[in-house]
Amino acid sequence: MADSAATAANWMTYGGTYSEQRFSPLKQIDKSNVSRLGLTWFADYDTNLQQDGTPLEIDGVIYVSTAWSKVYAFEARTGKTLWQYDPKTPGQWVRNLCCGIVNRGIAAWNGKIYVGTLDGRLVAIDAGTGKPVWQTLTIDPKERYSITSAPRVAKGRVLVGLAGGEYGVRGYISAYDAETGKLDWRFYTVPGDPSQPFESDAMKKAASTWGPGSAQWLKRGGGGTTWDALVYDPVTNLVYFGVGNGTPWNQDYRDPKGGDNLFLASIVAVNADTGEYAWHYQETPAETWDYDAVSPLSVVDLSIDRRQQRVLLQPSKNGFFYVIAARTGKLLKATPFVDLNWADGVDMKTGRPRVKPEARYPAGSKGFNLFPGGAQGAHSWQGNAYSPDTGLIYIPTEHAYSPMVYDPNYEASDTGTNLGIEFRGRPAWYAAHPREKRSSTSLLQAWDPKTGQPVWAGDEGPGANGGAVATAGGLVFEGNGAGNQLRAFDANTGTVLWSFDAQTSVLASPISYELDGKQYIAVSVGGAATDYYAPNYSRLLVFSLEGKAKLPPNQPFTPRPLLPPPLDAQATPADVQAGEQLYARDCLICHGDRGRQARGLFPDLTRTPLLYTQEGFDAVVLKGQLSARGMASFADALQPEDTFRIRNFLIDTANKLEAAPPPATPAASDTHGRQ
Ligand code: CA
């Protein structure tokens, strides 16, 4: 395997090339013939879970990561499975995941494939045999870290970030020797224990932006995880990465003095050889909204202010589209790409957003209906595509509100999430504020980074949409999420020229490559739209102009009925209420509002037969009967009287749902796959 930017025929890195533009210079498939595009082959995965992985195609082999950090290698000409690697992540680690049992991608270098696992390992796999060559633990296993993002390779080192910002960890990025797995350098994103020396001058600088009395962040690590954006630029010899939210989300609990809290919600550049700090730009100082700055970054040469410049482009979760000078970190443009409501723009002199005071949802206020919100913000992990032909960047854009309400009763938790807001109370909050807007929709938006203006927008659909790829054939391929369609857009106009029914969610970014003189499009699909128990069709799909294959028809499926039992005779209204609190702390982040997942990544607890007996419920919740599937024991967090209360809260909820079924719209609290 050669340099990852070497050849257009292959798709050798997560974002296509080092600059991560997700652009293919191939043009055999174009506007005139894309209507003939057909399925060439497909390969089923061994899971019905959501698929976020961008495949790689290298010299006739497709490598792709799937749920549970597994990796497949397929013969690209036939679809034959060459090998599958399973890192055997322990099921109980799922308790440390905010956002699904997902993996977004892998790296390839010198005959090896690299994958980060949910439980924090970095594994080098022999690309020919699928056997592990080395593996190293990148985390302290006592802390609730995870890896869902793709590693990248730069100058013989494997770069890897991590997730866990909702739980309470200290963020960093690491570089390992690609041949041996030895740690070369590590850059922390937030300061550590003040009784210890600073790891670097950058940490000394960062520490001055955290209040000295902010004991909460010391206890909880502060956050600042590095769970997606990560780019190596050979031209500047810098590595750029995005830094996530603070822990807890609510800054009042994290750092009551309200400092900027570097390097939370920032883009940071470090020297690729040493990991030494080069520059940073903080998008959201004093972050308090879960505004991770980790959405994908692209490096582009652009004429900005009448001067050709090397820039970073990022449509951020906070709703601003940033153009930043790649060499210096100077902010060149910050333009809203959605109708955000928390700030009145960015002061270009200071680079700081002009934040509306009420948006900080102070204690005692009614809360603030944040837009963009909904945990995914305006843009999450889905890959953007930049076409040098059109000069446009194609942004999977999300429109979601979420009420940010101060939680006066927050206490740091070692087992649940650490947010400091009333995450559970969103339905009740909307009921109390019926005129407040709520939505969770998405669309593909073409954006001109030079003018800071939209050029076209695709149709708006429910939930999150998928990552994009642009081609020199004048096309953009993108999935519409739970709409199950992979579509080809005219890159200039947004007209839909082709679509394919994938029978399941299309969230991952497609890729394009050439083999034996033929251009292909490949995409990993999967993710039950509404029901964990529904049959699923998680697969790799490969298309070409001559493709004639057909997917097998959908299997018949009847959703499980509600049929809740009555409340236990001894359960009081106070038990139900206490159960709701406990549920919010320990269960909601996976199982959703009131036990109902808006999408089918985890079971709908209002329909589980486990509601019928406390013994059966406790066998799972306290004794870990389903831990291999990711539902670990909560015996360290919950007592039998707690699970009695949670179960009766769920029974109460199920009975209320049966009496008054809600309309079938996606819930605003659907966080999965978004971190
Ligand atoms: Ca986050």
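Predicted model: local features only at pLDDT ≥ 70, side-chain atom pairs only at ≥ 80, totals over all residues.
H5 itself runs through residues 573–586, which makes 14 residues. From its first C-alpha to its last, the helix reaches 20 Å, close to the 20 Å expected at 1.5 Å a residue. An α-helix has 3.6 residues a turn, so residues three or four places apart point the same way.

Next come the nonpolar cores. The largest one has 73 residues, and the members that touch the most others are Tyr240, Trp279, Leu312, Leu313 and Trp342. Strand E21 (residues 320–325) is the top contributor to this core, giving six residues. Take Tyr240: once its neighbours within four places in sequence are left aside, its contacts include Trp279 and Leu312, along with Ala229, Leu230, Val231, Val268, Ala269, Leu297 and Val299. Asp233 and Arg327 are also among the residues that Tyr240 contacts. A second, separate core has 52 residues, among them Tyr72, Ala73, Tyr85 and Val123.

Back towards the end of the numbering used for H6, Thr606 sits in the loop between H6 and helix H7 (614–621). Thr606 counts as buried because its relative accessible area is 0%, and the cut-off is under 20%. Its side chain makes a polar contact of 2.5 Å with the side chain of Asp604. Setting aside neighbours within four places in sequence, Thr606 is in contact with Leu562, Arg594, Gly595, Arg596, Leu611, Thr653, Ala654 and Leu657.

Technical notes
Residues numbered from 1 in each chain as written. Heavy atoms only, no water. Helix = DSSP H or I, 4+ residues; strand = E, 2+ residues; numbered from the N terminus. Expected span 1.5 Å × (residues − 1). Core = buried A, V, L, I, M, F, W, Y, C linked by side-chain atoms within 4.5 Å. Buried < 20%, exposed > 50% of the residue type's maximum accessible area, 1.4 Å probe, protein only. Contact = heavy atoms within 4.5 Å. Polar contact = N/O pair within 3.5 Å; in protein donor to acceptor, adjacent residues only side chain to side chain.
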